[in-house]
Amino acid sequence: MALFRSENKSSNFEETFLPHLDAAYNLARWLTRDPADADDVVQEAYMRAFKFYGNYRGGDSRSWVLKIVRNTCYTWIQKNRPREIVSEFDEGLHDVETENPETILIRDIDKQKVREQMEQLPAEFREMIILRDLEGLSYKEIAGISDLPLGTVMSRLARARGKLQTALRALESGGRAK
Amino acid sequence: MKCKEGKELLNSYADCELDLVSHLQIEQHIKECPECRRAHENILAMRSAMTDDSFYFKASADLKARLRSSLKESKPELPRSSLWNWRWMPVFASALLLVGVSIVALTLLRPARTGEDMLAKEMVSAHIRSMMTDGHLMDMPSTDQHTVKPWFDGKLDFAPSVNDLAAQGFPLTGGRLDYIDGHPVAALIYQRRKHVINLFIYPTPDADSQNRVLDRQGYNVIHWNKTGMSFWAVSDVNVGDLQEFSSAVQK
């Protein structure tokens, strides 16, 4: 009976969470910025998810597993690249006023450069773009995954996009000046 | 709408995350303000650039295989919570028995409810819930059927047909996802004067059926099945208006 139950648990787990493996990997790959590290983080996150599967009460399985992946990523970054985390940063204190990039139309978008500049964003901003623009999650889902209030998600996402546009525009004008 | 306020909301606007009033204000503001319009276009351009496959990293087959095998290895010896201890068995057994007896008693004592009754009740509850709090009525406020329909893509495993019925006196005002009777359900929101009509749509294996008119808790409900879809229109408009609405939808 015990074996039956645990076999059941494992196959239910696979059925519920393996379909989200790409989403999990994509998030980890963007946050760690390295394919091998992303593999390790996802593997660890899934084992943790499996361990905590008893706490899963149904519902949005993608958000549930992404939350664990995200936490695992941050633990990994703290351990391996502690300087990347801008801890305790204040939403209000940063360059809000200097970022007013939206007024010039971006003429042509070089996707390669966009990817490079996304990697340069601080992780806290990068993840907003990943979850919203690549994963297509709602603000509410992102708030749940990242444990942030909805308003913070809203402003952080806006600033993430602003920063990205500023960086791209700087490249563009730098390129022209040469 | 001031430009500065508008700017702050442009991202949420582009993401369809604003309430109806702000959404419409920004829509208007963008028409009038060239600067914000460019900003909006930039947001859209960036977003569409990111839909390129090169932005999305997929897990390798190798990782998938590794995961499967680690899951298999860790299968036995799961830590069990003490609740599963055998000494609790009598307690569970008696609790189960009690539940069983109550269910039997309740079924015997109460008049049998049909599935349709239960569903009608759920639909009315969903309608009431949608009206109760600001911002719950619509996930995607738009009067444009070509905006609402694609919004459901990827959120549902079926594509509800979305038609603006403004010409028939029922303008479309938006869409929402709901979860009823264990399924994700598309909810389209229409208006009749100041009244809201929720139209719930989901796939059904049942054959096409004629309108069934019900009233529950002071709300009128019309239910029909057509081409593999189940439709439930719920509103506080009068039955005549709701029937007119139902024929407009089915036309």
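1. Burial in chain A. Of the 178 residues of chain A, 35% count as buried. A residue is buried if 20 or more other C-beta atoms, placed from the backbone, lie within 10 Å of its own. This is a predicted model: local features need pLDDT of at least 70, side-chain atom pairs count only at pLDDT 80 or more, and totals for chains, interfaces and linings use all residues. Residues are numbered from 1 along each chain as its sequence is written, while chains are lettered from A and ligands numbered from 1 in the order in which they are written.

2. Make-up of chain A. Chain A has 8 helices and 0 strands. Its pattern along the sequence is α-α-α-α-α-α-α-α. Helices (H or I, at least four residues) and strands (E, at least two) are DSSP runs, numbered from the N terminus. Take the contacts in chain A with a separation of 6 or more: residues 24 or more positions apart account for 73% of them. Two residues are in contact if their C-beta atoms, placed from the backbone, lie within 7 Å.

3. A helix pair in chain A. Helix α3 (residues 35-51) and helix α4 (residues 61-80) of chain A pack at an angle of about 130°, and their axes are 9 Å apart. Axes are lines fitted to C-alpha atoms, for helices over the stretch in contact, and angles run from 0 to 180 degrees between N-to-C directions. The angle therefore makes α3(A) oblique to α4(A). Angles under 35 degrees count as roughly parallel, over 145 as roughly antiparallel, 65 to 115 as roughly perpendicular and the rest as oblique. The crossing of the two, α3(A) and α4(A), is right-handed; that is, the near helix is turned clockwise from the far one by less than a right angle.

4. Residues at that crossing. From α3(A), the contact includes Val41(A), Glu44(A) and Arg48(A). From α4(A), it includes Ile68(A), Thr72(A) and Trp76(A). By class, this contact of α3(A) with α4(A) has 9 nonpolar, 1 polar and 2 charged residues. Ala, Val, Leu, Ile, Met, Phe, Trp, Tyr, Cys and Pro count as nonpolar, Asp, Glu, Lys and Arg as charged, and the others, Gly among them, as polar.

5. Where the chains meet. The contact takes 37 residues from chain A and 36 residues from chain B. On the chain B side, α1 (3-14), α3 (34-49) and α4 (61-73) each supply at least two residues. The largest share, 10 residues, comes from α3(B). By class, that side of chain B has 15 nonpolar, 7 polar and 14 charged residues.

6. Strands β5 (residues 209-216) and β6 (residues 219-226) of chain B pair in the antiparallel sense over 6 bridges. Strands pair if DSSP finds at least two bridges between them. Ser209(B) stands opposite Asn225(B) in β6(B). The hairpin of β5(B) and β6(B) has 2 residues between the strands, and Gln217(B) in the turn has a positive phi of about 50°.

Notes. Buried ≥ 20, exposed ≤ 12 C-beta atoms within 10 Å, placed from the backbone.
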